[in-house]
Amino acid sequence: MKNVAVIGAGTMGNGIAHTFAQSGFKVQLIDISEAALKRGMDTIAKNLDRMVAKEKITEEDKAETLGNIRTFTDVNAGVEYASLVVEAATENVDLKLKIFRQLDEACPDDTILATNTSSISITQIASVTSRPDMVIGMHFMNPVPIMKLVEIIRGYNTSDEVTDIIMEMSRTLGKVPVEVNDYPGFVANRILMPMINESIETLYNGVAGVHEIDTVMKLGMAHPMGPLQLADFIGLDVCLSILEVMYEGFKNPKYAPCPLLVNMVRAGKLGVKSGEGFYDYSESRKAENVAKQFA
């Protein structure tokens, strides 16, 4: 299992490709956009440069890692020899189902199909393939090259053999895999997103300001970053999507997205990637200046 295809060259996709390539895997990074592939490869190169500067790897390691990655805009060509495909496209159920139908037709019969989804049902994704026993979730954390955790999510039909293979492969990447079952939000986001949503409700209700809420959670609960800062880092559109999946899956009002979050996403205030969310990132990508709306 030394040949891995990654679908999507965005933040998660290029991080996953980087991690596999640095561990000696041959990686086919696939995206429909040549521009996205270039941005993804530039990001990988910059991240490797940082590691060289910190003397964590050598220039030779960097060159070898980059040499392990090839880029494709044609999915069929990119997955032709893949033992594992990791899908890291946008968190949209219709898009993922479309991709997995295509992968099922294009991949060899023994290829394991994994998804990096953070909330969408593995069982539902697997249901559109002819190999539901070979479909599994690999939920990497952002930034992928640094974060140790990988949630390994078993769909209803995922086999023991496939689960064992992916657990062991995750360990070869230097990760710590944790096996969980297939319920909306899995473990990480089932716990994290209600906390973020409640933090937004706390701001919405005027209990405290952005900086104050984040400071309480950082200093009082020993969180490395506050929940509003973390929401900006994840992307408010992603947070909204995950909450909507959980609300639809559980039909429980505690997962209903805060109206403030909904309006911010509608207004294009998505956090770091749009330049503004709960904080203003026009001068720095660090959460130093509270957005004018909340100042």
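## The overall picture

How many helices and strands does the secondary structure of the protein come to? In this predicted model, the count is 12 helices and 10 strands. The radius of gyration is 19 Å, close to the 19 Å that the globule rule gives for 295 residues, so the protein is as compact as a globular protein of that length. If you turn the model on your screen, its C-alpha trace spans about 55 × 45 × 35 Å along the principal axes.

Contacts tell you how the chain folds back on itself. Among those between residues at least 6 apart in sequence, 64% join residues at least 24 apart.

## Inside and outside

Of the 295 residues in the protein, 49% are buried. The protein also exposes about 14300 Å², and carbon and sulfur atoms supply 52% of that area.

In soluble globular proteins, nonpolar side chains tend to be buried together. Here, the largest nonpolar core has 36 residues. Phe-20, Leu-84, Met-138 and Phe-140 are the residues with the most contacts inside this core. Helix α2, covering residues 34–53, gives the core its largest share, 6 residues. There is also a second, separate core of 29 residues, and Ala-231, Cys-239, Cys-258 and Ala-291 are among its members.

Leaving aside neighbours within four places in sequence, Met-138 is in contact with several residues, including Phe-20, Leu-84, Val-86, Val-150, Ile-152 and Ile-166. The list also includes Thr-115, Asn-116, Glu-151 and Ser-170.

## Helix α12 and its cover

Which residues of helix α12 (residues 259–266) are buried? They are Leu-260, Leu-261, Val-262, Met-264 and Val-265. Their cover includes two other helices, α8 (188–204) and α11 (236–250). Just after α12 comes Gly-268, which takes a positive phi of about 80°.

## A buried aspartate

Now find Asp-104 in helix α5, which runs over residues 93–106. Is Asp-104 buried or exposed? Asp-104 has a relative accessible area of 13%, and buried means under 20%, so this residue counts as buried.

Thr-129 is 25 residues away from Asp-104 along the chain, yet their C-alpha atoms are separated by 5.6 Å. Not counting residues up to four places away in sequence, Asp-104 touches Leu-113, Thr-129, Ser-130 and Arg-131.

## Backbone details in the loops

In the loop between β6 (135–140) and β7 (149–154) you will find Pro-143. A cis peptide bond, with omega of about 0°, joins Asn-142 to Pro-143.

Phe-186 lies in the loop between β8 (176–181) and α8, while Lys-251 has its place in the loop between α11 and α12. Phi of Phe-186 is near 55°, a positive value in a residue other than glycine. Lys-251 likewise has a phi near 55°, again positive in a residue other than glycine. What is the relative accessibility of Phe-186? At 3%, Phe-186 counts as buried, whereas Lys-251 is exposed, with a relative accessible area of 58%.

Methods
Residues are numbered from 1 along each chain as its sequence is written. This is a predicted model: local features need pLDDT of at least 70, side-chain atom pairs count only at pLDDT 80 or more; totals for chains, interfaces and linings use all residues. Side-chain values use heavy atoms; hydrogens and water are left out. Helices (H or I, at least four residues) and strands (E, at least two) are DSSP runs, numbered from the N terminus. The radius of gyration is taken over C-alpha atoms; the globule rule is 2.2 Å times the number of residues to the power 0.38. Buried means under 20% relative accessible area, exposed over 50%, partly exposed in between (1.4 Å probe, protein chains only). Contact means heavy atoms within 4.5 Å. Accessible areas come from the Shrake-Rupley method with a 1.4 Å probe; for residues, only the protein chains shown count as cover. A nonpolar core is a set of buried Ala, Val, Leu, Ile, Met, Phe, Trp, Tyr and Cys residues joined through side-chain atoms within 4.5 Å.
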